[in-house]
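Trainee: I want to learn how to read helix and strand packing. Please show me the model.

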Amino acid sequence: MGYFERIFKEPRWGVHPDDHKRPAADAALRLLPPPARVYMPLSQHVGGAARPIVLVGQQVHKGQLLAEAQGNISAPIHAPVSGKVSSIGEVTAPHASGLGFGAIVIDSDFADRWIDTDPVADPFSLSPEEITRRTAAAGVVGLGGATFPSALKFSLGKRLAVGTLIVNGGECEPYLSSDDRIMRDSADQVVDGVRIVMHAIGARVALVGIEDNKPEAIAAMRKAAAAYPEVRIRPVPSRYPMGSDKQLIQALTGKEVPADARAAEVGVLVHNVSTCAAVHQAVRLGRPLVERIVTVNGGAVARPGNIFVPLGTQVDELLAFCGLNEAPSRLILGGPMMGTLLAHGRVPLVKGVSGIIAFDAREAAVPRAGPCVRCGSCTKACPMGLLPLEMAAHIRSGDLAGAVDFSLTDCIACGCCAYVCPSHIPLVQYFSHAKGELAARERTRLRSEAAKRLAEARLIRLERESREKAEAAARRQAERKAAKALAAASASQAQAVVT
Amino acid sequence: MLSAVGTLTTMGLVLGGLLGTAARYLAVEENPIEAELQSLLPGSQCGQCGYVGCAQAAAALARGEALVTLCPPGGKAIAEALAAKLGIKVDLSAVADDGPRLAVVAEEICTGCCRCSKVCSTDAIVGAAKQIHNVIREACTGCGACIERCPTEAMSLVPLPVTLQHWIWPMPANV
Amino acid sequence: MKETALMMIGAALVNNVILARFLGLCSFMGVTTRIDTAAGMGMATTFVITVSAMADWAVQHYVLDAYGLGFLRTVTFILVIASAVQFTEMIIRKVSPTLFQMLGIYLPLITTNCAVLGVALLLVEGNMSLIGATLFAFASAAGYSLVMVIFAGLRERLVLAQVPRLFAGPPIAFIVAGLLAMAFMGFSGISTV
């Protein structure tokens with residue numbers, strides 16, 4: 001990159017952390033031998049949890065449907081190994097809270113027998129709706145981490161007549177290289193998946209944005225896409241968070257997604273490269289999403305690299321496969337900037353996990369937070385153009401509405417502000433806390449509104465009941481009177497007959 | 001001396017008369033903020049605030065006799081909304097908001113007497129005579145009115161269990 | 001014209017009611033926690049000061065001077081001010097119940113706000129015409145409102161600042177008030193002539 005580009009084209013936002021991607025990115029892809037037991041969570045996506053349709057004790061094949069989608073936004077879950085369903089219960093969720101959630105546990109029979117798949121020789125002869133249906137049935141969700149059901153995005157793109165498909169090969173998080181690996185090893189699959197997605201949403205052009213710190217992936221993708229002029233490989237500057245959709249869209253198309261709008265509304269749709277590969281698997285081979293590439297990296301890992309893993313495998317098992325130099329001081333699911341802190345490794349891998357990072361003591365050291373010195377570094381780093389220091393100050397003093405006035409809702413929690421903060425203030429935690437608190441208040445508000453409606457309905461009911469009771473009493477009295485009159489009349493009649 | 005007394009008396013009378021006339025033209029019949037306050041309150045008439053119902057609580061708030069933090073089922077959200085409406089600042093960190101609570105029936109003690117369901121202001125308790133009652137989670141406001149009614153102490157309030165969807169990050173420790 | 005303008009600037013900034021004459025300090029500390037409250041208080045006080053200044057001028061000229069009752073000045077002025085405050089209270093209660101709630105006890109306390117009586121006494125001493133007196137009162141009140149709003153803005157920021165625990169709350173507010181007063185000293189010049 002020349003000086004001109006460096007000065008005028010380099011984004012003004014974001015940070016440039018040491019990426020730590022190599023040597024893990026260069027190590028050849030390894031296969032994890034099927035684990036003895038997998039824990040397949042029912043909720044691996046945004047939206048409603050899937051509903052189990054298998055019974056405990058049932059024999060399942062690899063790729064068999066375990067739980068079906070439930071609700072408008074949901075995705076089905078399939079068996080990642082063949083074996084027997086041993087239980088359906090709670091496991092620790094890959095979530096900072098360490099709370100549990102529902103999962104189907106399968107004891108592997110180590111045979112890895114696939115179900116009968118339904119391959120399609122030419123997916124481009126299928127209608128876009130059929131591709132969307134197959135993608136939905138395969139349980140494909142956004143593998144970049146957002147885990148939004150892909151099929152829903154297809155229908156959205158189709159409906160809003162999106163012209164450009166943006167393929168996210170940014171992988172800007174340090175330490176992670178699973179997207180890099182899939183582009184190097186399976187560029188043909190990725191490009192095929194990209195073309196299938198384009199067909200499904202009716203896009204004319206696909207722009208594949210790849211950060212320029214992955215020259216091998218760029219070369220491999222260029223070679224694979226050479227025959228398809230509509231798929232354009234576009235290297236983008238390495239800058240965190242280039243892999244965030246709004247930033248990537250801006251870097252590739254120059255369009256800015258408005259604060260309260262979705263990407264589709266500016267005529268683009270973003271899909272991750274791994275998602276495209278999964279779409280290729282789902283549509284061309286008929287294989288549901290049951291495996292993915294996971295980067296295992298960090299100072300505590302003896303042989304870092306990318307591993308092809310069945311979903312539902314426990315983190316500990318994967319770490320044991322890669323070997324540990326020392327007990328990890330901190331375990332992170334996903335990247336170090338936005339990943340999820342894990343309390344322990346007995347947590348299943350889910351669809352959205354692109355990596356596991358096991359930090360050693362040196363990497364995990366957290367400096368003590370100090371007071372804000374108002375240097376403004378965070379405002380320069382913020383890719384959304386927000387004022388993190390102001391938002392945090394308002395949140396600290398309990399003024400959430402004030403923080404929202406500073407566009408807290410636009411924060412993408414990328415962590416740039418906390419990364420550059422010279423006082424080491426945990427800014428993102430403030431924002432996460434405030435967002436959660438706001439959501440909780442919204443829930444309380446909805447609850448009390450519902451309670452108000454119920455209370456009003458009850459009052460109406462009580463009124464109606466007392467009215468009906470009064471009416472019934474009046475009716476009974478009238479009946480009694482009538483009966484009495486009738487009896488009197490008949491008695492007098494009888495008397496008349498007698499006399 | 002007389003002129004001083006006379007002057008002051010006259011001034012007093014004139015100004016008093018003016019104010020009296022103004023009061024007639026600028027009279028405010030009802031505190032208009034009362035209706036707005038009442039619309040903010042949950043309206044479940046649970047009586048936990050110590051007033052008979054939400055309307056009375058709203059009236060007390062409008063008169064400035066009650067604190068905005070008076071509504072336990074409303075929690076911080078309502079306290080904040082009330083404070084904003086009344087234009088006062090309130091330290092919400094001090095509000096004892098132990099989160100939403102939920103009434104539960106201990107099924108082994110419940111005799112199916114139907115007393116609790118009669119007092120429930122949101123009809124959240126279902127059950128017929130001599131049948132075990134149950135609480136509909138979504139409808140229960142956690143007001144606790146049913147607790148005292150239960151002759152066998154089968155009803156109790158439990159905090160709403162925290163799930164993945166409800167968990168929120170704690171505030172970072174202050175420096 | 002020029003003289004009037006200078007007189008008004010002088011009343012508003014150089015001889016600011018709060019920061020130079022130190023009048024009306026209770027409302028200055030009391031209702032400046034939020035900008036909108038401070039602005040409401042400023043407007044209410046401006047109204048009271050202007051109206052009562054005119055009334056006081058009339059009382060001074062046509063009653064007190066006419067009958068030689070100069071010694072009753074303070075008593076009559078307070079009477080006039082109290083009526084003006086009551087009148088303002090009625091208007092605010094009618095127009096903005098929220099502002100009425102926000103100002104709370106400070107609204108009737110405008111009666112005892114020394115800024116109001118102070119301005120009235122100052123303009124009597126100044127021997128002004130009715131128009132001059134009205135403009136002087138309005139400018140003084142505008143200066144009062146200005147300082148109220150500025151200080152409220154500062155205090156809104158102070159809430160967000162990480163102040164050492166012992167200084168948090170009123171102490172730091174007093175320190176900031178001192179700094180603000182020093183800034184206003186700049187209007188009168190620092191020379192001791």
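Trainee: Which residues of H4(A) and H6(A) meet?

Mentor: Conventions come before the list. This is a predicted model, where local features need pLDDT of at least 70, side-chain atom pairs count only at pLDDT 80 or more, and totals for chains, interfaces and linings use all residues. Residues are numbered from 1 along each chain as its sequence is written, while chains are lettered from A and ligands numbered from 1 in the order in which they are written. Helices (H or I, at least four residues) and strands (E, at least two) are DSSP runs, numbered from the N terminus. Contact means C-beta atoms, placed from the backbone, within 7 Å. From H4(A) come A:Asp180, A:Met183 and A:Arg184. They meet A:Glu216, A:Ala217, A:Ala220 and A:Met221 of H6(A). By class, that contact has four nonpolar, no polar and three charged residues. Nonpolar covers Ala, Val, Leu, Ile, Met, Phe, Trp, Tyr, Cys and Pro; charged covers Asp, Glu, Lys and Arg; the others, Gly among them, are polar.

Trainee: At what angle do the axes of H4(A) and H6(A) cross?

Mentor: Two packed helices are described by the angle between their axes and the distance between the axes. Axes are lines fitted to C-alpha atoms, for helices over the stretch in contact, with angles from 0 to 180 degrees between N-to-C directions. H4 (178–185) and H6 (215–224) of chain A cross at roughly 40°, their axes coming within 8 Å. The pair is therefore oblique. Under 35 degrees is roughly parallel, over 145 roughly antiparallel, 65 to 115 roughly perpendicular, and the rest oblique.

Trainee: How do H1(B) and H4(C) cross?

Mentor: At roughly 5°, with axes within 10 Å. H1(B) and H4(C) are therefore roughly parallel. Their contact has 11 nonpolar, four polar and no charged residues. Among those in H1(B) are B:Leu8 and B:Leu15; H4(C) contributes residues including C:Leu79 and C:Phe87.

Trainee: In what order do the six strands of the chain A sheet run?

Mentor: Strands pair if DSSP finds at least two bridges between them. The order is E1-E14-E13-E17-E15-E16, an open sheet with mixed pairing. E1 and E16 are the edges, each with a single partner strand, so one side of each lacks a neighbour in the sheet. E15(A) and E17(A) run antiparallel, joined by four bridges. A:Leu333 has A:Ile356 as its bridge partner in E17(A).

Trainee: Which strands does H4(A) lie across?

Mentor: E13, E14 and E17 of chain A. H4(A) runs at about 125° to E13(A).

Conventions. Contact = placed C-beta atoms within 7 Å.
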